[in-house]
Amino acid sequence: MKWTNRGNENAELDAMFRAYRDACPDPDVSANFMPELWRRIDERQRSVFFMGRWARALVTAAAVLSLGMAAYLYIPRGSTSVFAVESYVEALAAGHGQDSPNLPEQAADEL
Amino acid sequence: MLVDFEIIKRAQAGDAPAFNEIVLAYRKRTLGTIARLISRPEDVEDVGQEVFLRLYFSLDQLRTAEVFEPWLYRLTVNAAYDYLRKHRRRMESRMSDLSEQQVVLADAMAGGRVDHEVRQRKQIAEAVDAMLSAVSEADRILLTLKEVEGLSLKELEKIYRVKENALKVRLFRARQRVLKAFGEAGNEPSAKGAAKAEI
């Protein structure tokens, strides 16, 4: 059967929805509904509690680690660092000293 | 309202007996709405418990007890929507998919033990289920709330938190999509006939 016009279509759809409402009454609730609900609530509460504890432990560990790293970086240590004793130019010259050709000697050979 | 505002306020404060009272007052209605939204009787209680579980953990976010019912509907809609997204409904229902209750019903019908009225109701339910499963979950839920649950536009406005005009447009479009889908499916005569006979 084809629906003939828009008004009919909508009226039939409304009627079908009403019939559907009557055909599907509210279901009966099982006796297990409340105990099962409270079991799920307790379970969720426990998991939330443990997650909270883990989160707090992680935050504490991260804070301790951050403080440790900050202390490591900012507390002055012995004079092992080149930057502490040399200027940048001196360090560069020392680093490239062996690699660069000895120009005055090379020039003397060519002559 | 099925419970006093005072009970809701007590439940908000963490009073377990007050929360119990709320669940007892609303569970049948909520399960009915869920049953019509998801059309899987075997999962209705599970989704219902999820609704009240969410209610328990979100009650403290409820601003005033006056908006409790739209709030509960909103939780119901969200839980049903999540369920429907997880379990994309199939058009044809096979025997292996049927719940125990449906299998018993099907057996009884085959044996002629269920009367004509029950058979007709089942046909209507199946016809409307098939029609609604042809559209999106959002359309299905909106149409069910408006046309089957009988919620007003004002109530839907509170649940969806959108303006009435926008809701009207969404409802109109959802209806058009249902009509189109049903038209394309060929207007299964048996189901529609059953619906008309019931009407």
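In H1(B), B:Ile7, B:Ile8, B:Arg10 and B:Ala11 meet B:Ala18, B:Phe19, B:Glu21 and B:Ile22 of H2(B). A contact here is a pair of residues whose C-beta atoms, placed from the backbone, lie within 7 Å. Six residues of this contact are nonpolar, no residue is polar and two are charged. Nonpolar covers Ala, Val, Leu, Ile, Met, Phe, Trp, Tyr, Cys and Pro; charged covers Asp, Glu, Lys and Arg; the others, Gly among them, are polar.

This is a predicted model, where local features need pLDDT of at least 70, side-chain atom pairs count only at pLDDT 80 or more, and totals for chains, interfaces and linings use all residues. Residues are numbered from 1 along each chain as its sequence is written, while chains are lettered from A and ligands numbered from 1 in the order in which they are written.

Helix H1 (residues 5-12) and helix H2 (residues 16-38) of chain B pack at about 130°, with axes 7 Å apart. Axes are lines fitted to C-alpha atoms, for helices over the stretch in contact, and angles run from 0 to 180 degrees between N-to-C directions. H1(B) is therefore oblique to H2(B). Oblique is what remains after roughly parallel (under 35 degrees), roughly antiparallel (over 145) and roughly perpendicular (65 to 115). The crossing is left-handed: the near helix is turned anticlockwise from the far one by less than a right angle.

Chain B has 10 helices and zero strands. Helices (H or I, at least four residues) and strands (E, at least two) are DSSP runs, numbered from the N terminus. Of the 199 residues in chain B, 33% are buried. Buried means 20 or more other C-beta atoms within 10 Å of the residue's own, exposed 12 or fewer, and partly exposed in between, with C-beta atoms placed from the backbone. Among contacts in chain B with a separation of 6 or more, 65% join residues 24 or more positions apart.

Most residues other than glycine have a negative phi.

Between the chains, 24 residues of chain A are in contact with 31 of chain B. On the chain A side, H1 (6-23) and H2 (33-74) each give two or more residues. H1(A) gives the most, with 10 residues. That side of chain A divides into 16 nonpolar, one polar and seven charged residues.

How values were computed
Two residues are in contact if their C-beta atoms, placed from the backbone, lie within 7 Å.
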